[in-house]
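Have the viewer open as you read.

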Amino acid sequence: MSRIITSIRNGRGLPAYAAFVIGFMVLVILEGAVVRATGSGAGCGAHWPLCNGEILPHHPRLATIIEFIHRSLTGMCTTLVAVLIAWTFLARPRGDRVRHAAIATGILLITEGALGALLVLGHYVENNASTARVIVQCVHFTNTMLLLAAMTLTWWWLRPRDLTPLCPTGRTAGVLALLATLLTGATGSVAALADTLFPSPSLHAALAQDFSATTPLLIRMRWIHPTAALLAFAATLWLLPQLKATPRRWLAVLLFLQLALGIADVLLLAPLSLQVLHLLFADLYWIALVAAGSSLLEPRLDTTA
């Protein structure tokens with residue numbers, strides 16, 4: 001027993017556990033996309049955190065099951081994060097940057113839950129296409145990305161490795177890539193919402209809607225997502241030569257895969273399966289980018305040496 005306690009205090013297995021928490025968080029994000037794409041956000045009624053005022057819904061319809069699964073996964077993820085924070089504080093000394101990343105994870109998880117509650121209690125679900133929903137949706141997904149980034153830093157900094165800070169040029173490219181990717185994610189949630197609420201019968205019709213003055217604002221905002229994606233693509237291409245061989249290869253593969261999935265998503269009119277696949281690899285790309293850009297938080301290189 002004492003050996004187990006010693007192992008826990010030494011943090012043995014903590015990096016693997018942190019990686020597991022990230023994987024579970026990605027699952028929660030993907031299931032959240034299913035909730036949005038199927039219009040199941042009101043499946044539990046105007047109740048939060050209970051479902052239709054009950055802990056376990058009775059005689060649920062499909063939308064209720066989908067929303068209840070999402071809330072259940074979110075609750076389990078909250079428990080996993082609480083354990084991660086407690087274990088990190090037990091295994092790492094005061095002032096350690098891993099503790100700071102774990103604290104950020106906890107704070108962002110709280111705001112994530114609050115924004116989820118706002119979507120439900122504010123009725124920003126189902127067929128609501130208001131400007132307020134667009135704003136809340138953008139803020140919610142941005143917070144999700146920041147939460148995933150904090151989790152990634154917690155895991156990445158727990159791993160023993162050779163830290164090589166980026167040169168000043170690489171730091172600039174890294175900052176631009178991270179900011180542009182955040183913008184891509186936020187605008188992507190808007191584009192996905194537009195595709196859900198206003199599906200198009202054909203690619204030609206979808207393009208016509210994008211440039212029509214009579215279509216809803218939500219549709220006319222779809223162009224922002226591919227524009228932001230191109231900016232993120234260019235910034236990441238600038239960053240890639242500044243990285244070591246292994247992270248450069250992983251990031252490059254995920255970058256071009258995301259580009260291909262994004263194009264397919266547009267050409268095939270965003271079917272649910274492709275939306276989920278696109279989001280999955282977007283999350284993996286974001287994790288890889290945050291890990292590769294983690295040296296932005298390291299001391300600057302002394303270029304005069």
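First, the ground rules. This is a predicted model, where local features need pLDDT of at least 70, side-chain atom pairs count only at pLDDT 80 or more, and totals for chains, interfaces and linings use all residues. Residues are numbered from 1 along each chain as its sequence is written, and side-chain values use heavy atoms, with hydrogens and water left out.

**The core.** A nonpolar core here is a set of buried Ala, Val, Leu, Ile, Met, Phe, Trp, Tyr and Cys residues joined through side-chain atoms within 4.5 Å. Buried means under 20% relative accessible area, exposed over 50%, and partly exposed in between, with a 1.4 Å probe and protein chains only. The largest core has 56 residues, and Leu148, Met151, Leu251, Trp286 and Leu289 touch the most other members. Helix α2 (14–37) is among the elements giving two or more residues to this core, and α2 gives the most, 12 residues. Helices are DSSP runs (H or I, at least four residues), numbered from the N terminus.

Contact means heavy atoms within 4.5 Å. Beyond its neighbours within four places in sequence, Leu251 is in contact with residues including Thr236, Tyr285 and Leu289.

**The surface.** Leu237, Phe256, Leu259, Ile263, Leu267 and Leu268 make up a nonpolar patch with about 550 Å² of accessible area together. To join such a patch, nonpolar side chains (Val, Leu, Ile, Met, Phe, Trp, Tyr) must be within 5 Å, with over 30% relative accessible area and no salt bridge. Areas come from the Shrake-Rupley method with a 1.4 Å probe. Helix α10 supplies the largest share, 4 residues.

**Helix α7.** In α7 (residues 203–210), Ala205, Ala206 and Asp210 are buried. They sit on the same side of α7 because they cover an arc of only 140° around the axis, taken from the directions from the helix axis to the C-beta atoms. These buried residues pack against α8 (217–220).

**Salt bridges.** The count is 4, a salt bridge being a side-chain nitrogen of Lys or Arg within 4 Å of a carboxyl oxygen of Asp or Glu. Some of them:

| Pair | N to O distance |
|---|---|
| Arg71 and Glu67 | 2.8 Å |
| Arg222 and Asp195 | 2.8 Å |
| Asp210 and Arg222 | 2.8 Å |

Asp210 lies in helix α7 and Arg222 in the loop between α8 and α9, so this pair ties together parts 12 residues apart in sequence. Shared partners join Asp195, Asp210 and Arg222 into one network.

Terms used: Patch = residues over 30% accessible without salt bridge, like charges linked within 9 Å, V, L, I, M, F, W, Y side chains within 5 Å.
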